[in-house]
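This report describes a sheet and a ligand shell. The sequence and structure are shown first.

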Amino acid sequence: MTAAVEIDHVTQRFGDFTAVHDATLTIEAGEFFSFLGPSGCGKTTLLRLVSGFTEPTAGRISIGGKDMRGIGPNKRPTAMIFQNLALFPLMSVAENIAFGLEVRGLGKAARRRRADELLDLIALPGQGDKKVSELSGGQRQRVAIARALAVEPAVLLLDEPLSALDLKLRQHMRAELRAIQKRTGVTFIYITHDQGEALAMSDRVAVMRAGHIEQVASPTELYDRPATGFVAGFVGETNRIPGRLLQAGNGYGVIETAFGPLSARFDGADSDSHALFVRPERLGLGDAGRGNRLQATIENSAFEGAHLLVFARLADGSPLTVQVPNGGQPLAVAPGEGFTVSFAADDATILPAEA
Ligand SMILES: Nc1ncnc2c1ncn2[C@@H]1O[C@H](COP(=O)(O)OP(=O)(O)OP(=O)(O)O)[C@@H](O)[C@H]1O
């Protein structure tokens, strides 16, 4: 089972405070969709609205084309997985998975059959008789997913389920979650403040800021075509150079900056002031005919294995980060020395400047 989720002009207020402002978007059936944003931006509130734990102050949520107004959480075709998995430690793995089925009156043999199917799905075949306490953190995570899937929800809601795991396991579980989602075809709605997680797993991501949805796009589009300065800065690293728009046309613009005119992609967004955003890995050392040039002075650098991060200052003292691929040669410039970087207009974006 799978279903689309329509969020139609949904607002959630708590007293005078608006946690979600007029959100409108459709999550397609079978999609892995993430809400990404800093703490307090309203992600959990939106998830609770979809699950039915909270009714919106205004607007409407539909699941599978059905209006969910007045339909309580246990009547919705959704299941939720929380950060603390709340597995029952004294029950076996199979009993944990089948718990929701017992409540629904399914017989013992049928429950066990379903638990075994789900154990295959989460790549823990034959582990049903183990105790939860005998499993690793990642295995418990998978059992929690199996338990949520046992009741055949059309939409699975996941509230930062990986945040308690260590980095290695988290990265491994990203791939696991994605694979389980693909195998089941269930719509996954995932919330996280970890951009790496959202980019690695999702078909599409909604970036949220202070209750507003800033952009909904695929991971590559978010990274390469951020719609706002906030998205450019929140999803990945970026350099920001403020300036005044000089000219625009055909999808490109030129802004006058403290370092001369610079050109980049520009979609024509009107604003009193603009800024150019360029990612550290899109800056190349030297002037290799890339179109835009900047002079900077190196402050220090950090070796990260596959690349070197160079922290530099522009002439007005503002910071510039350059990511240089590790080509097996030491960097030819030392701290305190000046150097030139360049970038192509296609590798940078001009957006309205934000405070
Ligand atoms: N029941 C409530 N009553 C009053 N304010 C609330 C309530 N629930 C959430 N808020 C406020 O709404 C805002 C959004 O909260 P929410 O939990 O949705 O954020 P979040 O993006 O999920 O953050 P985090 O990543 O920290 O969980 C916060 O400022 C929070 O304090």
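**Terms and model**

Helices (H or I, at least four residues) and strands (E, at least two) are DSSP runs, numbered from the N terminus. This is a predicted model, in which local features need pLDDT of at least 70 and side-chain atom pairs count only at pLDDT 80 or more, while totals for chains, interfaces and linings use all residues. Residue numbers start from 1 along each chain as its sequence is written.

**Ligand shell**

Around the ligand lie Phe14, Phe17, Ala19, Gly37, Ser39, Gly40, Cys41, Gly42, Lys43, Thr44, Thr45 and His193; a residue is near a molecule if its C-beta atom, placed from the backbone, lies within 6 Å of it. Helix α1 contributes the largest share of this shell, three residues. Both β2 (17–27) and α1 (43–51) supply at least two residues each.

By class, the shell comprises four nonpolar, seven polar and one charged residue. Here Ala, Val, Leu, Ile, Met, Phe, Trp, Tyr, Cys and Pro count as nonpolar, Asp, Glu, Lys and Arg as charged, and the others, Gly among them, as polar.

**Sheet**

An open sheet of six strands runs in the order β6-β7-β8-β3-β9-β10, with mixed pairing; two strands pair if DSSP finds at least two bridges between them. Its edge strands, β6 (78–81) and β10 (212–217), each pair on one side only. From one strand to the next, the twist averages 20°, with axes fitted to C-alpha atoms and angles running from 0 to 180 degrees between N-to-C directions.

Strand β7 (residues 155–159) pairs with β6 in the parallel sense over four bridges. Met80 has Leu157 in β7 as its bridge partner.
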